[in-house]
Amino acid sequence: MEEKPSATIKPYLDKLTLGVTRILETSPGVAEVKFVEKEPAERHTIISWEQKNSCLLPEDLKNFYLMTDGFQMTWSVKTDDTPMPLGSMVINSVSKLCRLGGSSMYTLPNAPTLADLEDDTGEEGSGDKPEKPHFDSRSLIFELDPCNGNGKVCLVYKHTKPVVSPDTEIWFLDRALYWHFLTKTFTAYYRLLITHLGLPQWQYAFTSYGVSPQAKQWFNMYKPITINTSLLSEEADSFVNKLDPNKVFKSKNKTPVIKKKQPSQPAGSQKSHTSMTSSKTSSLAGNSSRK
């Protein structure tokens with residue numbers, strides 16, 4: 001399989017990347033944008049994979065592989081005149097679309113597996129939360145993106161009995177082995193991958209604990225809309241104004257009334273003080289005349 005970095009993106013590859021290369025090249029600080037051009041996967045390779053794993057690839061993912069056997073785009077930023085790798089967008093080829101949690105011939109007979117981590121408590125989907133995948137035989141899980149060691153994006157067949165259901169979903173498995181739902185189709189996930197520019201830990205924006213502070217700084221520089229949207233969706237309660245506007249405006253209405261009375265009080269007191277002074281003066285004058 002021939003793979004070569006492409007400096008000039010061909011027209012159909014530009015459509016494949018949704019024009020993100022032009023966006024990155026015009027972004028401040030971006031030094032290198034590399035796209036690895038790959039040949040289309042052969043149809044018999046896809047059929048062989050389906051026979052080996054006893055399941056059918058989703059039509060959108062199959063059409064993607066028939067156009068390019070995998071996807072890889074990276075870009076760097078320049079710090080002190082030295083390019084530093086930052087963004088990475090990867091979709092494994094058909095040959096690297098390996099099953100997660102499958103038994104290996106090199107494992108010891110009594111060695112623990114991912115299936116031993118299964119906990120049936122709280123696994124059933126309820127409301128808007130879909131049912132989580134299982135590491136045992138109830139689900140088939142294949143790795144789409146290794147995420148540079150920050151987790152794994154997986155293609156999940158959640159219903160395998162009595163036969164494997166063709167319905168699939170895209171899930172994110174974090175480093176603590178917790179599942180987070182991403183999208184229902186590969187096409188929707190591919191758009192998420194492109195629009196997030198492959199920024200580090202972007203998948204964690206779809207978890208309850210969000211991205212790390214360091215990754216958030218990169219988000220603020222190159223994808224401010226995405227990070228602000230996620231913060232608003234996760235911390236909506238913190239933006240609710242709990243003040244009672246009626247009480248606030250009511251207290252403000254009293255203020256000008258008090259201020260208007262203040263200048264009139266010294267005038268009245270001054271008049272009363274003047275009358276008292278004049279009466280005292282007259283009384284003193286009368287007493288002196290009597291003497």
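Is Leu 197 buried or exposed? Keep that question in mind; the tour comes back to it.

**Start with the whole chain**

Show the whole protein as a cartoon. This is a predicted model. Look for eight helices and eight strands. The protein has 291 residues, and buried residues make up 36% of them.

**Stop 1: the four-strand sheet**

Select β5, β6, β7 and β8. They form an open sheet in the order β5-β6-β7-β8, with antiparallel pairing. Find the edge strands, β5 (140-145) and β8, which each pair on one side only. On average, neighbouring strands are turned by 35° against each other, direction ignored.

Strands of a sheet pair through backbone hydrogen bonds, either parallel or antiparallel. Zoom in on β5 and β6 (residues 151-157). These two pair in the antiparallel sense over five bridges. Click Glu 143, then find its bridge partner in β6, Cys 154.

**Stop 2: a loop with a positive phi**

Move to the loop between β7 (169-174) and β8 (179-183), and select Leu 177 there. Most residues other than glycine have a negative phi. Leu 177 has a phi near 65°, a positive value. This residue counts as partly exposed, because its relative accessibility is 34%.

**Stop 3: back to the opening question**

Select Leu 197, in the loop between α5 and α6 (213-222). Its phi is near 60°, again a positive value in a residue other than glycine. Leu 197 has a relative accessible area of 7%, so it is buried. The cut-off for buried is under 20%.

**Stop 4: aromatic rings**

Show the side chains of Phe, Tyr and Trp. The structure holds 17 aromatic pairs. Select Phe 64 and Tyr 190. Their ring centres are 5.5 Å apart and their planes meet at 55°, so the pair is tilted. Which parts of the chain does this pair link? Phe 64 sits in helix α4 (residues 59-67) and Tyr 190 in helix α5 (residues 186-195), 126 residues apart. Both Phe 64 and Tyr 190 are buried.

Another tilted pair is Tyr 204 with Tyr 209, at 6.2 Å centre to centre and 45° between the planes. Tyr 204 is buried, with a relative accessible area of 10%. Tyr 209 is partly exposed, with a relative accessible area of 44%.

Now widen the selection to Phe 35, Phe 64, Tyr 65, Phe 71, Phe 186 and Tyr 190. Ring pairs link these residues into a cluster.

**Stop 5: a glutamate in a helix**

Finish at Glu 50, in helix α3 (residues 43-53). Glu 50 has a relative accessible area of 10%, so it counts as buried.

Notes:
Residues numbered from 1 in each chain as written. Predicted model: local features only at pLDDT ≥ 70, side-chain atom pairs only at ≥ 80, totals over all residues. Heavy atoms only, no water. Buried < 20%, exposed > 50% of the residue type's maximum accessible area, 1.4 Å probe, protein only. Phe/Tyr/Trp six-rings, centres within 6.5 Å; stacked < 30°, edge-to-face > 60°. Pairing = 2+ DSSP bridges. Axes fitted to C-alpha atoms, helices over the stretch in contact; angles between N-to-C directions.
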